[in-house]
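Please look over the model below before reading my notes. The points follow the order in which I would check them.

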2 protein chains.
Amino acid sequence: MAGKVTIDDVAERAGVSIKTVSRVVNREPNVREKTRETVQAAIEALKYRPNQAARGLAGRRSYLMGVLYDNPSPSYLANLQAGVLTACTAASYGLALSPVSHSAPDMVDTVIAWLKHTNIDGAILTPPLSDNIALVTAIKALGVPCVAVSSPGPGSGPANVPAVVIDEEEAARQMTVHLISAGHKNIGFIKGHPDHYASSHRYAGFKAAMEEAGLVVDTALVKQGYFDFASGKAAGELLLGAANRPSAIFASNDDMAAGVMHVAHQLKLEIPGDLAVVGFDDTPLSRQIWPSLTTIRQPIRLIGERATELLLQAISRDTAATNPVLHQLDFELKARGSSATG
Amino acid sequence: MAGKVTIDDVAERAGVSIKTVSRVVNREPNVREKTRETVQAAIEALKYRPNQAARGLAGRRSYLMGVLYDNPSPSYLANLQAGVLTACTAASYGLALSPVSHSAPDMVDTVIAWLKHTNIDGAILTPPLSDNIALVTAIKALGVPCVAVSSPGPGSGPANVPAVVIDEEEAARQMTVHLISAGHKNIGFIKGHPDHYASSHRYAGFKAAMEEAGLVVDTALVKQGYFDFASGKAAGELLLGAANRPSAIFASNDDMAAGVMHVAHQLKLEIPGDLAVVGFDDTPLSRQIWPSLTTIRQPIRLIGERATELLLQAISRDTAATNPVLHQLDFELKARGSSATG
DNA sequence: CTGAAAGCGCTTACAG
DNA sequence: CTGAAAGCGCTTACAG
């Protein structure tokens, strides 16, 4: 049933050895241009597709890219995955998914065992796994190339890996400026999960904008959240029940912003009239909630694609140690109803 | 770096041939209990894990389960995938994802080519792909076992495959009864995408409940939607702008219900006071929107797990033709604020 | 109930 | 620039 065209068929038709076909398929050097064309023609005529199992067995690798994640939002996962899949498919690579419980006591061992057993060629780490020094260090020690899709923490220890990200701090700064420009001075802030470096970057951006505008950050209006709806709601209750009620709240992601809006609705506060709310991530929710939420769009899909391409390069160069470069992509501030001015 | 323990190591330690180890690993019959135990002990002591590439090459299969989808909601995909992954991992199977554009002219050929090339052992079809007769027929002709995760259409043609589902019609019936019990008589309905069989089942359930209650279905209050936010919004505008404005609207999924709520908010209609709104799917959105949305919860994750197990059984029995049985799982009506009575 | 042989379709390491 | 040989780690098909 399955495609039965093998490398031998191609070799025979092209009048060369299978080794030459292999060279052409793998884009190896040292093949005469004329020969390459003949082989390529045979491949196309026969619709040859190399058998991944045979490649993997002989080549001692899996032709698999691994994506490690810990309970991300569904849309984050779906978008990232779509980008990774695009790049993998283009390179005849497969995708292996690995849900990881970040807080499990033997998490690092479990991941390493999985990496060994599946023989993954490269790993993409999502937050907060990418922010876990012990994990990243162990993966690097294993010799598996990896890329983070989140902003790195301070310093540059052994856990530094290349990262594909947006400038989280700058994005948060611009969002805060957006609120300040609309006349808000008393702005509440809900921090993200402390295990994510992104949380501190976003908070830093908020503080920077406030200071630039000569406004004081009232720490009573800064609450700790955990990137989920419930924590946003809890923080919203604290902020909106306070004596010094803010006129705007910047939640570090959309789910928490939705929690704040929930509370505001319960308190019969008009959004944005009585309270402006902004988030971060541009999840589908942000467009469907009422009023629609002002937020920051990250090109998650593109991030997944780029991260995969970096890994593919590292693999082909056989450079287990990819350079810990920061690849920054553009973000976009989406101004919507929840912070409308006028 | 990677695990280097091979079947030969296990055979040597257990004092048997590699064939016997193979039998134990694959749970084949004809192994003395005592022998099986010895081998099992050696496997555990050595932490042996069979090499998938070698298995696949020698066995002429991929040990891969395929999931085909066409732009589903992120949470649907994430949940289904989580369930499939659970079952796959337990069986030492991998998961291969295939995004398919349902409306592409050469869609069937593309899917078949992918199935051949990847040598997928079994396929899980999500709607609306599972509702596409040409596609299902072609996959069956290829000899690849497949399972649908959506309710089948009427009749039982050649395109019938086993399905793991909830009783969509009954769920919609109960939801309608829920509205009727709250005193609603003038109920609007927004149909789902016509390419999904689920749409007609949900509509049928709505009509059945209305008839049982002796209420007439005003076809002017039945609008065509496409399962997305925008179409829900458009339908909402039509329904709420009509002379005979309904007091409740049943949208065939949550995204469309969110669209209706958006319109209601714009028109300053109170929910549920002026208008009750209910949806279907229990997406994260339904819990985070204001007011929270009454909806039907489908156990998507469990559906994915069951579907995979069915496929695994079909594969091990070497029964390409799984029986077209309907496996029904329980749904749950989640009554929330958007239809609160009192 | 158990095993020896052949081979799956490639890549590696080497030779020329 | 090209190829012949060996072997990756399993399963198949067969023999006993």
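1. Strand E1 (residues 64-69) of chain A pairs with E2(A) in the parallel sense, over 6 bridges. Pairing here requires that DSSP finds at least two bridges between two strands. Tyr69(A) stands opposite Pro99(A) in E2(A). Helices (H or I, at least four residues) and strands (E, at least two) are DSSP runs, numbered from the N terminus.

2. E2(A) is largely enclosed by the rest of the structure, because 5 of its 6 residues are buried. Buried means 20 or more other C-beta atoms within 10 Å of the residue's own, exposed 12 or fewer, and partly exposed in between, with C-beta atoms placed from the backbone.

3. A word on the numbering and the source. Residues are numbered from 1 along each chain as its sequence is written, and chains are lettered from A and ligands numbered from 1 in the order in which they are written. This is a predicted model: local features need pLDDT of at least 70, side-chain atom pairs count only at pLDDT 80 or more, and totals for chains, interfaces and linings use all residues.

4. How many residues of chain A are in contact with chain B? There are 36, and they meet 36 residues of chain B. Contact means C-beta atoms, placed from the backbone, within 7 Å. Elements giving two or more residues to the chain A side include strand E2 (94-99) and helix H5 (74-90). H5(A) gives the largest share, 6 residues. By class, this side has 22 nonpolar, 11 polar and 3 charged residues. Ala, Val, Leu, Ile, Met, Phe, Trp, Tyr, Cys and Pro count as nonpolar, Asp, Glu, Lys and Arg as charged, and the others, Gly among them, as polar.

5. A rotation of 180° with 0.0 Å of shift along its axis superposes chain A on chain B (RMSD 0.0 Å). That is the relation of a two-fold axis. Of the residues of chain A, Ala53(A) comes closest to the axis, at 2.2 Å (C-alpha). The copies meet through the same surface, because 100% of the interface residues of chain A are also interface residues in chain B.

6. DNA strand D has 25 residues around it; Ser17(A), Ile7(B), Ser22(B), Ala58(B) and Gly59(B) come nearest. Near means a C-beta atom, placed from the backbone, within 6 Å. H4(B) gives the largest share of this surface, 5 residues.

Notes
Two residues are in contact if their C-beta atoms, placed from the backbone, lie within 7 Å. Copies are superposed by least squares on the C-alpha atoms of residues with pLDDT of at least 70 in both.
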